[in-house]
Amino acid sequence: MGKTILVTGGAGFIGNCFCKLILKERPDWKVVNVDCMTYAANPSTIKNEMNDPRYVFYREDIRRRDGIFAIFEKERPGIVVNFAAESHVDRSIENPGVFLETNILGTQVVMDACRMYGVERFHQVGTDEVYGDLPLDRPDLFFREDTPIRTSSPYSTSKAAADLLALAYHRTYGLPVTVSRCSNNYGPYQFPEKLIPLMINNATHDKPLPVYGEGLNVRDWLYVEDHCRGILSVLEKGKVGEVYNLGGHNEKSNIEIVKIILKELGKPESLITFVADRKGHDQRYAIDPSKAMADLGWQPTTMFKDGIRLTIAWYRENADWLDECTSGEYRNYYDKMYGKRSDK
Ligand code: NAD
Ligand code: TYD
């Protein structure tokens, strides 16, 4: 057996894609997934992996020091990748506390376990949102690794704190840390609170598509598997103590995205509803990925036009998965979040 890799948040959207990638492409690695299964995790997401003898799942919370240390004691991972996080900006605006607890203090617990048991690498999965936003009228500007941290939401602030803490653990304690900061991901298994799956779900059910503000905010979209391959490249070729931006120069305004989805599903644009804007809404995200491309030889392979088709097809073929996510608590969430936005 080769390496044991411990992944936190491996039942979520990106963490699960990463586990699948490792199981497929690193046949002598064992994958240990530690996830406490918040609302964002659906047990069906990991059902195939559960049958794989190289995969172990622990339902545990990264905020629980005793539980996390016990898993490290038993599994002795060589590599740790920290995906576990509260990840939705709108929820962070409603309830910041749990973002600080999981994203900052939870990360500290995982890194303390890494120090105690010794690892070859701790990788922190970060976001480009730590750089704040760029103006819409300056398409020449991009986020680089040395762009100052300037956060807007409780979510991005908690992620920035975690990145800085990870880098501090490297400098202060010599923990072998790397950090990646990625742009917006899309693909299968994304929880339908985020723009793309929410719009696919609503359009499929002929429900209004709630576009914040004028729909002109820009995001830089990357197919989830490209992100996961980028993280694997950082693990295998990256330098300890370094930050790597991951993105594919695929900027689109929200209204463009919504229209692409409607067209692909054959639904009318009359479903678009402009609603009250998000508080502190970041204008534009855009990554300069040249460091990862030059130093790691990484580059995205899925073009947006192909990735969005694959994604829409996946949601169509996996209506049961979507129904599981949107039953129960989701309805309360939706009414609470969108009830108060109403049409503009
Ligand atoms: P997600 O919300 O789909 O999944 C998060 C997972 O973490 C869930 O399975 C959840 O159960 C688990 N989790 C949450 N709190 C936990 C805790 N206290 N203990 C153990 N498990 C816990 O999120 P995602 O979109 O897959 O994002 C994964 C990581 O990538 C996050 O760190 C996020 O900040 C980062 N990221 C996401 C994007 C994006 O576009 N989604 C872009 C860049 C970076
Ligand atoms: P989101 O998927 O929440 O990602 P993030 O805010 O982390 O980039 O949102 C992407 C963009 O879509 C963002 O500009 C907000 C906008 N948006 C809407 O217009 N309507 C929605 O219902 C949602 C969830 C997002």
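Taken alone, ligand 2 exposes 510 Å², and the protein buries 98% of that, where accessible areas come from the Shrake-Rupley method with a 1.4 Å probe and, for residues, only the protein chains shown count as cover.

Before going on, please keep in mind that this is a predicted model, in which local features need pLDDT of at least 70 and side-chain atom pairs count only at pLDDT 80 or more, while totals for chains, interfaces and linings use all residues. Residues are numbered from 1 along each chain as its sequence is written, chains are lettered from A and ligands numbered from 1 in the order in which they are written, and side-chain values use heavy atoms, with hydrogens and water left out.

Staying with ligand 2, backbone N or O atoms also approach its oxygen atoms, at 2.8 Å for Leu 195 and at 2.9 Å for Tyr 212. The shell around ligand 2 holds 19 residues, the closest being Glu 129, Arg 219, Arg 278, His 281 and Tyr 338, where near means that a heavy atom of the residue lies within 4 Å. Helix 6 (195–204) and strand 8 (209–212) each supply at least two residues of that shell; helices (H or I, at least four residues) and strands (E, at least two) are DSSP runs, numbered from the N terminus.

Helix 6 also packs against helix 12 (residues 329–339), at an angle of about 100 degrees and with the axes 15 Å apart, the axes being lines fitted to C-alpha atoms over the stretch in contact and the angles running from 0 to 180 degrees between N-to-C directions. This makes helix 6 roughly perpendicular to helix 12, a term that covers 65 to 115 degrees. Leu 198, Asn 201 and Asn 202 of helix 6 meet Tyr 330, Tyr 334 and Tyr 338 of helix 12, with contact meaning heavy atoms within 4.5 Å.

Turning to ligand 1, 29 residues surround this molecule, and Ile 14, Asp 35, Ser 87, Tyr 155 and Lys 159 are the closest. The side chain of Asp 61 brings an N or O atom to 2.8 Å from a nitrogen atom of ligand 1, and the side chain of Ser 87 brings one to 2.7 Å from an oxygen atom. Of the 830 Å² of accessible area that ligand 1 has on its own, the protein covers 96%. Strand 5 gives the most to this shell, with three residues.

Note on methods: A polar contact is a pair of N or O atoms within 3.5 Å; within protein, one must be able to donate a hydrogen and the other to accept it, and residues adjacent in sequence count only if both atoms are side-chain atoms. Angles under 35 degrees count as roughly parallel, over 145 as roughly antiparallel, 65 to 115 as roughly perpendicular and the rest as oblique.
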